[in-house]
Amino acid sequence: MSRTLRTLHAAEVGVGTELPPMVIEATPTFVVSTAIATRDFQDVHHDRDAAVGRGSKDIFLNILTDNGLVQRFVTDWAGSEALVRSIKIRLGVPCYAYDTITFSGRVTDEIEVGGERRFVIEVIGRDSLGDHVTGTVQVVLP
Amino acid sequence: MSSTTISDAAQRIVSQGDSAPRLARDPVNQPMVNNWVEAIGETNPVYNDPGFAARSVHGGLVAPPAMAQVWTMRGLHGQRADDDPLGAMTAVLDAEGFTSVVATDSEQTYHRYLRPGEHVAASARLESVVGPKQTALGEGWFVTTRTSWTVGEEVVAEMLFRVLKFRPPGEHRAPDADRARVVDAPEYAAGVLRPVISADTAFFWEGTSVGELRIQRWGETLRHPPGPVGTGGDLATTPDYVVARGTGTLYSYVVHHAPKVPGKRLPFVVALVELDEGVRVLGELIDVGPEDVYIGLAVSVVFLRIDDELTLPAWQVAQ
Amino acid sequence: MTAMTLSGKAAIAGIGATEFSKDSGRSELRLAAECTHAALADAGLAPSDVDGLVTFTMDSNAEIALARELGIGELTFFSRIGYGGGAAAATVQQAAMAVATGVADVVVAYRAFNERSGHRFGQVSAGAAQQVNTSGIDNSFHYPAGIATPAAMVAMLARRYLHDYGAGSEDFGRIAVIDRKHAATNPNAWFYGKPITLADHQASRWIAEPLRLLDCCQESDGGVALVITSAERARDLPHRPAIVAAAAQGSSPGQYVMTSYYRDELAALPELGVVGRQLWTQAGITPSDVDVAVLYDHFTPYVLLQLEELGFCGRGEAKDFIAGDTLELGGALPLNPHGGQLGEAYIHGMNGIAEAVRQLRGSAVNQVEDAQHVLVTAGTGVPTSGLVLARI
């Protein structure tokens, strides 16, 4: 992987700055591969019959993947020098296979924690059923 | 009764504090990082390009912070530790009929990035168990745990994790509770006027179909009929509902004689009932002669099951 | 600076009606055309003078259809009012506002239907129950339960009224008796020559207890139209104008259409209170100044409640207020001299407004002597409206 992300500097960011949206096609392959890559072997994330048997429409994304996607969404924008300090998410409607999640975000606050200046970014990941994940990420920018 | 059982168990598990640290199967390692960034679609080179990482703020390769939990996942055939507080609390709630689970919140804090070769351990403790709450999914308890990841003595990451353990639809009452009477009333199906249902009222009809009289709640305020906005037009609040005890008294009533009404046998009584919870709910009053009906009459809820799609709330004279 | 007011700006200059029947034998549009034609002739105006039309949302005759049939030319104002019979007085309010502001010159308010031979409101309407909008959602909490007709909707409130105030079915009956008494001497009334006694009322069958058949107004075919223009222009027209001294609409917290069952107090009509307060203020009169009351009488209990809500008497006191000859033509508050909807016809309240105009002109068959102020109300238990019409 040789792509270098553009590094965003704190001076370029302020409250209200919008993040470019990120669209995730949650194909069955995506749902399964992320579940396994996060070492989550619960059948509802890779076995459609089992998922349906438990009352779900299809296999669906796991939470560890949501954390990963939220992290990626923020650092795709902020760049490789950004330090992610926290990811706090509330889980909403499921994201079933074949759905699409669109992440949107916005800088909502600038805070200081232990002498470190952090930006608070509000993130929403929405799929066809509604808000799949909503929350905040704290990052430090150079 | 079951609430006391659950609260007592929660108190006991909370007092046990942190579980023993459980070491991850593998140290932080590049192959797992590589799998993870491929799957997630992460392109940040600090995770897999040693040269780039060396020149970066990290001074070398690091693992994605969002992988913190991945390292200590139990894996395909893993077993919960005996002292795992979430496992213990889950068992208690399962036994009380709250068998379904949905995660609601995950709050991860990363004190520093991990580097390949570091071996993390996780320990967890039960923070709180709150309930019973009426939620859109059903009656349930919110179980909050706090997990700490350590390398040696150093805490490197923490997570507050909350799940809702709820009673799945259809299993609507604790085994020892009185079930509301459900009357099979297919004769009513012939042309009964069916309710128009909206996103704001669906929970009510879903409730009747499982024998629950659900009353919308905005904070502390009960409201019926339900709607999309809370008291005073506050758009910021969201409702849940309570399952009414299903008892109340007649506030007013009508004995309908004419004309014919689809799905009803003339004459019939319709009661406006003031619930013990304080709101009024309308429904047919069955199994009673009109001459025995009066304002103030004590009634209890009964459900008229028309078909798979419709169950109407109704009333009967309380025993 | 004068306070802004609608009072006195507009007048009803013409009234017209078809015959009132149980089977008109012609289309609703034809009825609308006939009553409008008659109203314009009464006002000494031609269809070409009309530039505004207003009716009920429930009316099946579009303004443009009526305009085409009668050769009405350009329209600058057309409007509709919702909530069934609650619209009646509000059609005049809309028209008055239009002429007062110069939006239109001559506005016709009309209502025409085959309510008996065609679509009957007294029957259960699956269409109303299951409309896919907020009204349908509202209806979902009572239609499936069996509260599915106007009589049943009113009966719930009436039962509580009886309970709260110790009134009885006879008290409702007295309203039916006075209406039928007045209709009996009105040749245009369906129940012309057919008075009833309180015993007849008490012997009539239950519809929705505590309502008997004779507590429920009849169903009718027919149409009524009213011509509204500025008070100034009305003075130059053939008849003495009925000045719109006050016109108001009202809705109240917790409002539903006939099923406002969830308010703290069930046995009340707070939406009419909203109307009443405006009427007294606008007209600058009090209830004691009212010479004739044309109160919407689709169901007798609501006449009692209206008397209370409008301040003619205290809450729960209507049964005592109406005792004796209060509501007779020579009484303190003559009620519905035309026979009301129980006696004359059910034209959704519009025939009552026409009667108010006749009383002010001095041309009513059951004329109240020297009527100066006539109160008219619209359908109650719904978002409603009212008028005070005055003689110049």
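Pro259(B) lies in the loop between strand E10 (247-256) and strand E11 (268-275) of chain B; helices (H or I, at least four residues) and strands (E, at least two) are DSSP runs, numbered from the N terminus. A cis peptide bond, with omega about -5°, joins Ala258(B) to Pro259(B). Keep in mind that this is a predicted model, in which local features need pLDDT of at least 70 and side-chain atom pairs count only at pLDDT 80 or more, while totals for chains, interfaces and linings use all residues. Residues are numbered from 1 along each chain as its sequence is written, chains are lettered from A and ligands numbered from 1 in the order in which they are written, and side-chain values use heavy atoms, with hydrogens and water left out.

Let us look at the rest of chain B. It has five helices and 14 strands. Of its 319 residues, 54% count as buried, where buried means under 20% relative accessible area, exposed over 50% and partly exposed in between (1.4 Å probe, protein chains only). Contact means heavy atoms within 4.5 Å. Among contacts in chain B between residues at least 6 apart in sequence, 63% join residues at least 24 apart.

Next comes the meeting of chains C and B. Here 38 residues of chain C are in contact with 36 residues of chain B. About 3,100 Å² is buried between the two chains, and carbon and sulfur atoms give 67% of it; buried area is the accessible area (1.4 Å probe) that two parts lose on being put together, summed over both. Phe141(C), Pro144(C) and Tyr262(C) supply 22% of the area that chain C buries against chain B, more than any other three residues.

On the side of chain C that touches chain B, helix H4 (126-129), helix H5 (134-139), helix H6 (150-165) and strand E5 (206-209) of chain C each supply at least two residues. The largest share, six residues, comes from H6(C).

Pro210(C) is found in the loop between E5 and strand E6 (211-212) of chain C, and a cis peptide bond with omega about 10° joins Glu209(C) and Pro210(C). Most residues other than glycine have a negative phi, and most peptide bonds are trans.

Further along chain C is helix H14 (residues 350-361), whose twelve residues reach 17 Å from first C-alpha to last, close to the 16 Å expected at 1.5 Å a residue; the expected span is 1.5 Å times one less than the number of residues. Eleven of the twelve residues of H14(C) are buried, among them Met350(C), Glu355(C) and Arg361(C). Gly362(C) follows H14(C) and has a positive phi, near 85°. In the loop between H14 and strand E10 (373-377) of chain C sits Asp370(C), which has a positive phi of about 55° although it is not a glycine.

Arg39(A) lies in the loop between helix H1 (28-37) and helix H2 (48-53) of chain A, and its phi is positive, near 60°. Is Arg39(A) buried or exposed? Arg39(A) counts as buried because its relative accessibility is 7%.
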